[in-house]
Amino acid sequence: MVKKRTDQTELSYSIPADCEELILPKGILKIKRLEGQPEVFPKDDWQAFFDAEQLCFPLQLRRWKAGDKFCPLGMDGKHKKIQDLFTDRKLSRFDKEQVWLLSDTSDQICWVVGLQIDDRFKIATTTKAYYQISFRKHPK
């Protein structure tokens, strides 16, 4: 079990395959690999499941930048700009600046943390193992 603590505020963090917990200044990202398929899917937006074969480590946790796009779950592989997701969700400028993106080694966005996962990384009927990833903000 590897815990990685970060004391400074950074714009991005590299997450190796053996990392189970990333302690950030404003929250904790937890990563757990599980065998099989989940019996129930999370109702909490701050928790997501990903097909283990689709995630290529090291992962990157970073802030969004202009031009970022992903394939939202349920959009049949069509791309959408992150900025458009923010507009649809009516996020303020301040809220947009607080959003984290989780991407894989090829910089494909897997999860707009707390908002939406990418369709390419979803659990499928062929999934043999998966990652349960959650983000919890520190209490104020």
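Which strand does Val112 lie in? Select Val112 and color its strand: you are in S10, which covers residues 109-112. Keep in mind as you click around that this is a predicted model.

**Stop 1: around Val112**

Is Val112 buried or exposed? Val112 is buried, because its relative accessible area is 0%, and the cut-off for buried is under 20%. Now show what it touches. Leaving out residues up to four places away in sequence, the contacts of Val112 are Phe70, Ile82, Leu85, Phe86, Val99, Trp100 and Leu101.

**Stop 2: the five-stranded sheet**

Next, bring up the sheet that holds S10. It is an open sheet of five strands, ordered S2-S6-S9-S10-S11, and the pairing is antiparallel. Which strands stand at the edges? They are S2 (12-15) and S11 (116-117); each has a single partner strand, so one side of each is left without a neighbour in the sheet.

As background, strands of a sheet pair through backbone hydrogen bonds, either parallel or antiparallel.

**Stop 3**

Show side chains for Glu21 and you'll find Lys30 of S4 standing opposite.

How many bridges do S4 and S12 pair over? There are nine, again in the antiparallel sense. Here the pair to look at is Glu35, with Ala129 of S12 opposite.

**Stop 4: Phe41 in its loop**

Follow the chain on from S4 (27-35) toward S5 (47-51), and in the loop between them you'll find Phe41. Phe41 counts as partly exposed, because its relative accessible area is 49%, and exposed means over 50%. Not counting residues up to four places away in sequence, Phe41 touches Phe49 and Ile123. For another distance to draw, go from Phe41 to Asp18: they are 23 residues apart in sequence, and their C-alpha atoms are 24 Å apart in space.

**Stop 5: zoom out**

Switch to a cartoon of the whole protein chain. It has two helices and twelve strands. Walk along the sequence and the pattern reads β-β-β-β-β-β-β-β-α-α-β-β-β-β. Along its principal axes, the C-alpha trace spans about 40 × 35 × 30 Å. The radius of gyration is 14 Å, which agrees with the value near 14 Å for a compact globule of 140 residues.

Of those 140 residues, 42% count as buried. Take contacts between residues at least 6 apart in sequence, and 67% of them join residues at least 24 apart.

The protein chain exposes about 8,400 Å², with carbon and sulfur atoms supplying 51% of it. Color by charge to pick out 25 positive and 21 negative side chains; the centres of the two sets lie 5 Å apart.

How values were computed:
Residues numbered from 1 in each chain as written. Predicted model: local features only at pLDDT ≥ 70, side-chain atom pairs only at ≥ 80, totals over all residues. Heavy atoms only, no water. Helix = DSSP H or I, 4+ residues; strand = E, 2+ residues; numbered from the N terminus. Rg over C-alpha atoms; globule rule 2.2 N^0.38 Å. Buried < 20%, exposed > 50% of the residue type's maximum accessible area, 1.4 Å probe, protein only. Contact = heavy atoms within 4.5 Å. Areas by Shrake-Rupley, 256 points an atom, 1.4 Å probe, with all protein chains shown as cover. Lys, Arg positive; Asp, Glu negative; His and termini not counted. Charge placed at Lys NZ, Arg CZ, Asp CG, Glu CD. Pairing = 2+ DSSP bridges.
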